[in-house]
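Here is a short tour for anyone who likes to know which side chains talk to each other. Have the model open beside you and follow along topic by topic.

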Amino acid sequence: MIPCLCSSIIRAMQVIYVNRFSPTSRKHAVNEIKRKASCDQFPRVLLFPEGTTTNGRAIISFQLGAFIPGYPIQPVVVRYPHVHFDQSWGNVSLAMLMFRMFTQFHNFMEVEYLPVITPHEDRKESAVRFAQRTGHAVASALNVVQTSHSYGDVLLLSKALEANQENPSLYLVEMAGLEAAFHLSSLEAVDFLDVFLSMNPDSRGQVEIHDFLKVLRLKPCTLSEKIFGFIDMQKSGKITFKQFLVGSAHILKQPLFHQACESAFTACDGDGKNYILEQEFGNSLMLSVPGLSNNEIRGLFTLFDTDGDGNISKDDFIVCLRRYPLLIALFSSCVLQQICP
(Lines give C-alpha, C1' and ligand atoms only; values in the text may rest on other atoms or scores of the structure.)
Protein backbone atom coordinates (compact mmCIF):
# COMPACT_ATOMS: atom_id res chain seq x y z
CA MET A 1 0.00 0.00 0.00
CA ILE A 2 2.74 2.46 0.97
CA PRO A 3 4.87 1.86 -2.21
CA CYS A 4 1.72 2.33 -4.33
CA LEU A 5 0.90 5.59 -2.52
CA CYS A 6 4.47 6.84 -2.93
CA SER A 7 4.49 6.07 -6.67
CA SER A 8 1.18 7.92 -7.05
CA ILE A 9 2.59 10.97 -5.26
CA ILE A 10 5.71 10.89 -7.45
CA ARG A 11 3.61 10.72 -10.63
CA ALA A 12 1.43 13.59 -9.42
CA MET A 13 4.56 15.69 -8.79
CA GLN A 14 5.74 14.97 -12.37
CA VAL A 15 9.17 13.98 -11.11
CA ILE A 16 11.99 13.83 -13.68
CA TYR A 17 13.78 10.52 -13.14
CA VAL A 18 17.55 10.37 -13.58
CA ASN A 19 20.28 7.80 -13.05
CA ARG A 20 23.24 9.95 -12.03
CA PHE A 21 25.69 7.28 -13.29
CA SER A 22 24.20 7.02 -16.78
CA PRO A 23 25.19 9.66 -19.37
CA THR A 24 22.09 8.77 -21.43
CA SER A 25 19.81 9.22 -18.43
CA ARG A 26 21.44 12.54 -17.49
CA LYS A 27 21.04 13.83 -21.05
CA HIS A 28 17.38 12.80 -21.05
CA ALA A 29 16.86 14.62 -17.73
CA VAL A 30 18.39 17.83 -19.14
CA ASN A 31 16.10 17.61 -22.19
CA GLU A 32 13.08 17.13 -19.91
CA ILE A 33 14.12 20.13 -17.80
CA LYS A 34 14.44 22.24 -20.94
CA ARG A 35 11.12 21.02 -22.33
CA LYS A 36 9.18 21.74 -19.15
CA ALA A 37 10.92 25.04 -18.40
CA SER A 38 10.19 26.37 -21.90
CA CYS A 39 6.49 25.44 -21.94
CA ASP A 40 3.66 27.28 -20.16
CA GLN A 41 1.69 24.03 -19.85
CA PHE A 42 3.85 22.95 -16.90
CA PRO A 43 4.31 24.57 -13.47
CA ARG A 44 7.71 25.92 -12.60
CA VAL A 45 10.42 23.28 -12.51
CA LEU A 46 11.76 22.73 -8.98
CA LEU A 47 15.33 21.39 -8.84
CA PHE A 48 17.73 20.61 -6.01
CA PRO A 49 21.08 21.35 -7.68
CA GLU A 50 23.37 19.90 -5.01
CA GLY A 51 21.94 16.46 -5.78
CA THR A 52 22.22 15.30 -2.16
CA THR A 53 21.76 16.50 1.42
CA THR A 54 24.46 18.00 3.64
CA ASN A 55 24.78 19.37 7.17
CA GLY A 56 24.16 22.89 5.86
CA ARG A 57 27.58 24.25 6.85
CA ALA A 58 28.62 24.69 3.22
CA ILE A 59 27.17 24.84 -0.28
CA ILE A 60 28.64 22.06 -2.39
CA SER A 61 29.00 22.21 -6.19
CA PHE A 62 25.79 22.38 -8.18
CA GLN A 63 24.91 19.78 -10.79
CA LEU A 64 24.66 21.43 -14.20
CA GLY A 65 21.28 20.06 -15.30
CA ALA A 66 19.44 23.17 -14.09
CA PHE A 67 21.85 25.51 -15.88
CA ILE A 68 22.52 23.89 -19.26
CA PRO A 69 19.15 25.00 -20.75
CA GLY A 70 20.14 28.62 -20.10
CA TYR A 71 16.89 29.89 -18.58
CA PRO A 72 16.66 32.36 -15.67
CA ILE A 73 16.97 30.77 -12.23
CA GLN A 74 14.95 31.64 -9.14
CA PRO A 75 17.21 30.64 -6.21
CA VAL A 76 15.38 29.62 -3.04
CA VAL A 77 17.07 29.22 0.33
CA VAL A 78 15.59 26.85 2.92
CA ARG A 79 16.57 26.99 6.58
CA TYR A 80 15.58 24.68 9.43
CA PRO A 81 15.84 26.58 12.74
CA HIS A 82 16.17 24.05 15.55
CA VAL A 83 17.31 23.55 19.13
CA HIS A 84 17.59 19.78 19.56
CA PHE A 85 17.45 18.13 16.14
CA ASP A 86 18.31 19.37 12.65
CA GLN A 87 15.79 17.81 10.25
CA SER A 88 17.69 18.79 7.08
CA TRP A 89 18.69 15.09 6.72
CA GLY A 90 22.44 14.93 7.10
CA ASN A 91 24.24 11.73 8.11
CA VAL A 92 21.21 9.98 9.60
CA SER A 93 18.90 7.20 8.40
CA LEU A 94 15.42 7.97 7.08
CA ALA A 95 13.83 6.01 9.93
CA MET A 96 15.76 7.98 12.58
CA LEU A 97 15.03 11.25 10.77
CA MET A 98 11.28 10.57 10.85
CA PHE A 99 11.37 9.37 14.47
CA ARG A 100 13.20 12.48 15.69
CA MET A 101 10.94 14.81 13.71
CA PHE A 102 7.77 13.13 15.06
CA THR A 103 9.04 13.36 18.64
CA GLN A 104 9.63 17.13 18.53
CA PHE A 105 6.86 19.53 19.50
CA HIS A 106 7.64 21.76 16.53
CA ASN A 107 9.60 21.53 13.29
CA PHE A 108 10.35 24.90 11.75
CA MET A 109 11.27 25.75 8.17
CA GLU A 110 12.09 29.15 6.67
CA VAL A 111 11.92 29.77 2.92
CA GLU A 112 13.65 32.79 1.38
CA TYR A 113 13.35 33.76 -2.29
CA LEU A 114 16.49 35.39 -3.65
CA PRO A 115 16.65 37.69 -6.69
CA VAL A 116 16.27 35.93 -10.03
CA ILE A 117 19.62 35.17 -11.71
CA THR A 118 19.77 35.43 -15.50
CA PRO A 119 22.52 34.06 -17.77
CA HIS A 120 24.93 36.68 -19.08
CA GLU A 121 25.35 37.65 -22.71
CA ASP A 122 22.07 36.42 -24.07
CA ARG A 123 22.46 32.82 -22.77
CA LYS A 124 26.07 32.47 -23.98
CA GLU A 125 27.45 32.13 -20.47
CA SER A 126 28.72 28.61 -19.79
CA ALA A 127 26.59 26.35 -17.60
CA VAL A 128 29.55 25.93 -15.22
CA ARG A 129 29.92 29.69 -14.69
CA PHE A 130 26.15 30.14 -14.39
CA ALA A 131 26.03 27.42 -11.72
CA GLN A 132 28.94 29.00 -9.83
CA ARG A 133 27.26 32.41 -9.76
CA THR A 134 24.03 30.90 -8.49
CA GLY A 135 25.86 28.87 -5.86
CA HIS A 136 27.69 31.97 -4.69
CA ALA A 137 24.39 33.83 -4.27
CA VAL A 138 22.92 30.97 -2.21
CA ALA A 139 26.08 30.62 -0.09
CA SER A 140 26.12 34.37 0.60
CA ALA A 141 22.48 34.31 1.70
CA LEU A 142 23.19 31.41 4.07
CA ASN A 143 26.51 32.92 5.20
CA VAL A 144 28.38 29.69 4.50
CA VAL A 145 31.33 28.76 2.29
CA GLN A 146 31.03 27.36 -1.23
CA THR A 147 33.12 24.24 -1.90
CA SER A 148 33.87 21.87 -4.79
CA HIS A 149 32.46 18.83 -3.02
CA SER A 150 29.84 16.81 -4.88
CA TYR A 151 27.77 13.64 -4.60
CA GLY A 152 30.98 11.76 -5.40
CA ASP A 153 32.29 12.82 -1.99
CA VAL A 154 29.17 11.30 -0.40
CA LEU A 155 30.05 7.98 -2.07
CA LEU A 156 33.64 8.23 -0.82
CA LEU A 157 32.46 9.04 2.71
CA SER A 158 30.07 6.07 2.64
CA LYS A 159 32.89 3.79 1.47
CA ALA A 160 35.16 5.00 4.28
CA LEU A 161 32.39 4.51 6.84
CA GLU A 162 31.74 1.03 5.49
CA ALA A 163 35.44 0.25 5.97
CA ASN A 164 35.24 1.47 9.60
CA GLN A 165 37.80 4.22 9.10
CA GLU A 166 38.49 6.25 12.23
CA ASN A 167 38.03 9.59 10.45
CA PRO A 168 36.03 9.13 7.23
CA SER A 169 36.13 12.84 6.39
CA LEU A 170 39.84 12.44 5.54
CA TYR A 171 38.74 10.78 2.29
CA LEU A 172 36.72 13.72 0.98
CA VAL A 173 38.54 15.20 -2.01
CA GLU A 174 36.17 17.85 -3.49
CA MET A 175 35.23 15.56 -6.36
CA ALA A 176 33.72 18.28 -8.55
CA GLY A 177 37.17 19.77 -9.11
CA LEU A 178 38.71 16.39 -9.93
CA GLU A 179 35.83 15.48 -12.23
CA ALA A 180 36.44 18.68 -14.17
CA ALA A 181 40.23 18.31 -14.24
CA PHE A 182 40.46 14.61 -15.12
CA HIS A 183 36.97 13.64 -16.37
CA LEU A 184 37.03 11.11 -13.55
CA SER A 185 33.70 9.54 -12.58
CA SER A 186 32.57 9.12 -8.99
CA LEU A 187 32.53 5.34 -9.37
CA GLU A 188 36.13 5.36 -10.61
CA ALA A 189 37.10 7.40 -7.54
CA VAL A 190 35.37 4.88 -5.27
CA ASP A 191 37.32 2.06 -6.95
CA PHE A 192 40.58 3.91 -6.27
CA LEU A 193 39.52 4.41 -2.65
CA ASP A 194 38.95 0.66 -2.39
CA VAL A 195 42.57 0.11 -3.50
CA PHE A 196 43.86 2.79 -1.13
CA LEU A 197 42.00 1.35 1.87
CA SER A 198 43.59 -2.04 1.17
CA MET A 199 46.94 -0.31 1.82
CA ASN A 200 46.07 -0.04 5.54
CA PRO A 201 46.05 3.77 6.02
CA ASP A 202 46.80 5.03 9.53
CA SER A 203 44.50 7.15 11.73
CA ARG A 204 45.49 10.24 9.74
CA GLY A 205 44.51 8.60 6.47
CA GLN A 206 48.11 8.20 5.28
CA VAL A 207 49.87 5.20 3.73
CA GLU A 208 53.56 4.38 4.06
CA ILE A 209 55.67 3.08 1.19
CA HIS A 210 55.92 -0.53 2.43
CA ASP A 211 52.10 -0.89 2.54
CA PHE A 212 51.85 0.80 -0.86
CA LEU A 213 54.33 -1.65 -2.39
CA LYS A 214 52.69 -4.64 -0.72
CA VAL A 215 49.32 -4.00 -2.38
CA LEU A 216 50.91 -3.37 -5.79
CA ARG A 217 53.03 -6.53 -5.37
CA LEU A 218 56.24 -4.54 -5.90
CA LYS A 219 59.59 -5.12 -4.23
CA PRO A 220 61.65 -2.19 -2.94
CA CYS A 221 63.81 -1.01 -5.84
CA THR A 222 64.66 2.13 -7.77
CA LEU A 223 61.60 1.89 -10.02
CA SER A 224 59.11 1.24 -7.20
CA GLU A 225 60.56 4.16 -5.25
CA LYS A 226 60.11 6.37 -8.32
CA ILE A 227 56.48 5.24 -8.62
CA PHE A 228 55.84 6.12 -4.97
CA GLY A 229 57.76 9.38 -5.35
CA PHE A 230 55.53 10.35 -8.28
CA ILE A 231 52.65 10.52 -5.79
CA ASP A 232 54.62 11.65 -2.72
CA MET A 233 55.40 15.09 -4.09
CA GLN A 234 56.29 16.42 -0.62
CA LYS A 235 58.76 13.55 -0.05
CA SER A 236 57.27 12.85 3.39
CA GLY A 237 57.37 9.07 3.02
CA LYS A 238 53.58 8.90 3.28
CA ILE A 239 50.72 9.60 0.87
CA THR A 240 47.09 10.64 1.36
CA PHE A 241 44.13 9.33 -0.59
CA LYS A 242 43.83 12.59 -2.53
CA GLN A 243 47.47 12.31 -3.62
CA PHE A 244 46.94 8.70 -4.65
CA LEU A 245 43.73 9.57 -6.50
CA VAL A 246 45.24 12.53 -8.37
CA GLY A 247 48.36 10.57 -9.34
CA SER A 248 46.39 7.56 -10.53
CA ALA A 249 43.82 9.68 -12.39
CA HIS A 250 46.57 11.72 -14.05
CA ILE A 251 47.97 8.55 -15.62
CA LEU A 252 44.63 6.84 -16.31
CA LYS A 253 43.22 9.83 -18.18
CA GLN A 254 46.25 10.44 -20.40
CA PRO A 255 45.08 10.42 -24.06
CA LEU A 256 47.49 7.61 -24.96
CA PHE A 257 46.97 5.48 -21.84
CA HIS A 258 44.87 2.82 -23.56
CA GLN A 259 47.30 2.70 -26.48
CA ALA A 260 50.19 2.31 -24.02
CA CYS A 261 48.38 -0.62 -22.37
CA GLU A 262 47.89 -2.34 -25.72
CA SER A 263 51.55 -1.75 -26.69
CA ALA A 264 52.69 -3.21 -23.37
CA PHE A 265 50.50 -6.28 -23.87
CA THR A 266 51.83 -6.80 -27.40
CA ALA A 267 55.40 -6.46 -26.14
CA CYS A 268 54.79 -9.12 -23.46
CA ASP A 269 52.94 -11.44 -25.84
CA GLY A 270 55.97 -12.07 -28.02
CA ASP A 271 54.47 -14.66 -30.37
CA GLY A 272 51.07 -12.99 -30.85
CA LYS A 273 48.87 -15.70 -29.33
CA ASN A 274 46.69 -13.07 -27.52
CA TYR A 275 47.56 -14.16 -24.00
CA ILE A 276 50.62 -13.98 -21.77
CA LEU A 277 52.13 -16.91 -19.90
CA GLU A 278 53.89 -16.51 -16.57
CA GLN A 279 57.36 -17.12 -18.04
CA GLU A 280 57.10 -14.44 -20.72
CA PHE A 281 55.41 -12.08 -18.25
CA GLY A 282 58.40 -12.48 -15.94
CA ASN A 283 60.86 -11.95 -18.78
CA SER A 284 59.16 -8.64 -19.65
CA LEU A 285 59.16 -7.47 -16.03
CA MET A 286 62.86 -8.30 -15.60
CA LEU A 287 63.72 -5.67 -18.20
CA SER A 288 62.47 -2.95 -15.82
CA VAL A 289 63.00 -4.67 -12.46
CA PRO A 290 66.06 -6.97 -12.63
CA GLY A 291 66.44 -9.62 -9.98
CA LEU A 292 62.78 -10.43 -9.43
CA SER A 293 62.32 -13.76 -7.66
CA ASN A 294 59.90 -16.40 -8.88
CA ASN A 295 57.56 -15.59 -6.00
CA GLU A 296 57.61 -11.88 -6.84
CA ILE A 297 56.84 -12.64 -10.51
CA ARG A 298 54.04 -14.98 -9.44
CA GLY A 299 52.56 -12.28 -7.20
CA LEU A 300 52.36 -9.76 -10.06
CA PHE A 301 51.15 -12.43 -12.48
CA THR A 302 48.30 -13.30 -10.12
CA LEU A 303 47.39 -9.61 -9.83
CA PHE A 304 47.14 -9.28 -13.63
CA ASP A 305 45.39 -12.63 -14.14
CA THR A 306 42.08 -11.14 -13.03
CA ASP A 307 39.95 -14.14 -14.01
CA GLY A 308 42.36 -16.67 -12.50
CA ASP A 309 42.59 -18.95 -15.56
CA GLY A 310 46.38 -19.26 -15.51
CA ASN A 311 47.15 -16.77 -18.29
CA ILE A 312 46.73 -13.04 -18.87
CA SER A 313 44.39 -12.09 -21.69
CA LYS A 314 44.31 -8.59 -23.14
CA ASP A 315 41.14 -7.88 -21.15
CA ASP A 316 42.82 -9.07 -17.94
CA PHE A 317 45.83 -6.89 -18.69
CA ILE A 318 43.86 -3.70 -19.38
CA VAL A 319 41.41 -4.22 -16.49
CA CYS A 320 44.35 -4.56 -14.09
CA LEU A 321 46.12 -1.46 -15.41
CA ARG A 322 42.90 0.58 -15.20
CA ARG A 323 42.63 -0.44 -11.53
CA TYR A 324 46.37 0.12 -10.89
CA PRO A 325 47.44 2.62 -13.59
CA LEU A 326 50.73 3.32 -11.81
CA LEU A 327 51.89 -0.19 -12.80
CA ILE A 328 52.16 0.86 -16.47
CA ALA A 329 55.69 1.95 -15.50
CA LEU A 330 56.68 -1.72 -15.23
CA PHE A 331 56.41 -2.15 -18.99
CA SER A 332 58.26 0.93 -20.24
CA SER A 333 61.46 -1.02 -20.93
CA CYS A 334 59.83 -3.87 -22.87
CA VAL A 335 57.80 -1.39 -24.97
CA LEU A 336 60.95 0.59 -25.75
CA GLN A 337 62.78 -2.62 -26.68
CA GLN A 338 59.97 -3.46 -29.08
CA ILE A 339 60.11 0.01 -30.67
CA CYS A 340 63.91 0.22 -30.76
CA PRO A 341 65.22 -3.39 -30.87
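## The annotated span and the overall picture

In an unreviewed UniProt entry, the annotation "domain: EF-hand" covers residues 292-327. The model itself is predicted.

**Aromatic pairs and a cluster**

- A pair of aromatic rings is described by how far apart the centres are and by the angle between the planes.
- Phe 304 and Phe 331 have ring centres 5.6 Å apart and planes at 85°; because an angle over 60 degrees counts as edge-to-face, that is the label for this pair.
- This pair links distant parts of the chain, with Phe 304 in helix α13 (residues 294-304) and Phe 331 in the loop between α14 (314-323) and α15 (332-339). The two residues are 27 residues apart, and both Phe 304 and Phe 331 are buried.
- Phe 304 and Phe 331 also belong to one aromatic cluster, together with Phe 265, Phe 281, Phe 301 and Phe 317.
- Tyr 171 and Phe 241 make a tilted pair, at 6.3 Å centre to centre with 55° between the planes.
- Here too the pair links distant parts of the chain: Tyr 171 is in the loop between α5 (151-162) and α6 (175-182), while Phe 241 is in helix α10 (residues 241-252), 70 residues apart. Both Tyr 171 and Phe 241 are buried.

**Charges over rings**

- Arg 20 lies over the face of Tyr 151, at 3.5 Å from the ring centre.
- Lys 273 lies over the face of Tyr 275, and the distance to the ring centre is 5.2 Å.

**Salt bridges**

- Side chains of opposite charge can pair when their charged atoms come close.
- Which residues pair with Glu 188 in salt bridges? One is Lys 253, with the closest N and O atoms 3.2 Å apart; another is Arg 322, at 3.1 Å from N to O.
- The pair of Glu 188 and Lys 253 links distant parts of the chain, from helix α7 (residues 186-197) to the loop between α10 and α11 (257-268), 65 residues apart.
- Is Glu 188 buried or exposed? Glu 188 is buried, because its relative accessible area is 17% and buried means under 20%.
- Its two partners count as partly exposed: Lys 253 has 30% relative accessibility, and Arg 322 has 37%.
- Asp 202 forms a salt bridge with Lys 238, the closest N and O atoms being 3.5 Å apart.
- Asp 202 is in the loop between α7 and β5 (206-208) and Lys 238 is in strand β6 (residues 238-240), so this pair ties together parts 36 residues apart in sequence. Asp 202 is partly exposed, with a relative accessible area of 24%.
- Asp 269, Asp 271, Lys 273 and Glu 280 are linked in a network of salt bridges. Lys 273 is the residue that lies over the face of Tyr 275.

**A buried glutamine**

- Gln 87 sits in the loop between β2 (76-79) and α3 (94-102).
- With a relative accessible area of 8%, Gln 87 is buried.
- What does the side chain of Gln 87 reach? It reaches the backbone oxygen of Phe 108, at 3.1 Å.
- Leaving aside neighbours within four places in sequence, Gln 87 is in contact with Tyr 80, His 82, Leu 97, Met 101, Gln 104, Asn 107 and Phe 108.

**Two asparagines with positive phi**

- Most residues other than glycine have a negative phi.
- Asn 164 has a positive phi of about 60° although it is not a glycine. Asn 164 lies in the loop between α5 and α6 and is exposed, at 69% relative accessibility.
- For Asn 200, phi is near 60°, again a positive value in a residue other than glycine. Asn 200 lies in the loop between α7 and β5, and with a relative accessible area of 54% it is exposed.

Notes. Residues numbered from 1 in each chain as written. Predicted model: local features only at pLDDT ≥ 70, side-chain atom pairs only at ≥ 80, totals over all residues. Heavy atoms only, no water. Phe/Tyr/Trp six-rings, centres within 6.5 Å; stacked < 30°, edge-to-face > 60°. Helix = DSSP H or I, 4+ residues; strand = E, 2+ residues; numbered from the N terminus. Buried < 20%, exposed > 50% of the residue type's maximum accessible area, 1.4 Å probe, protein only. Lys NZ or Arg CZ within 6 Å of the ring centre and 35° of its normal. UniProt positions renumbered as here; feature names shortened; annotations may be inferred. Polar contact = N/O pair within 3.5 Å; in protein donor to acceptor, adjacent residues only side chain to side chain. Contact = heavy atoms within 4.5 Å. Salt bridge = Lys/Arg side-chain N within 4 Å of Asp/Glu carboxyl O.
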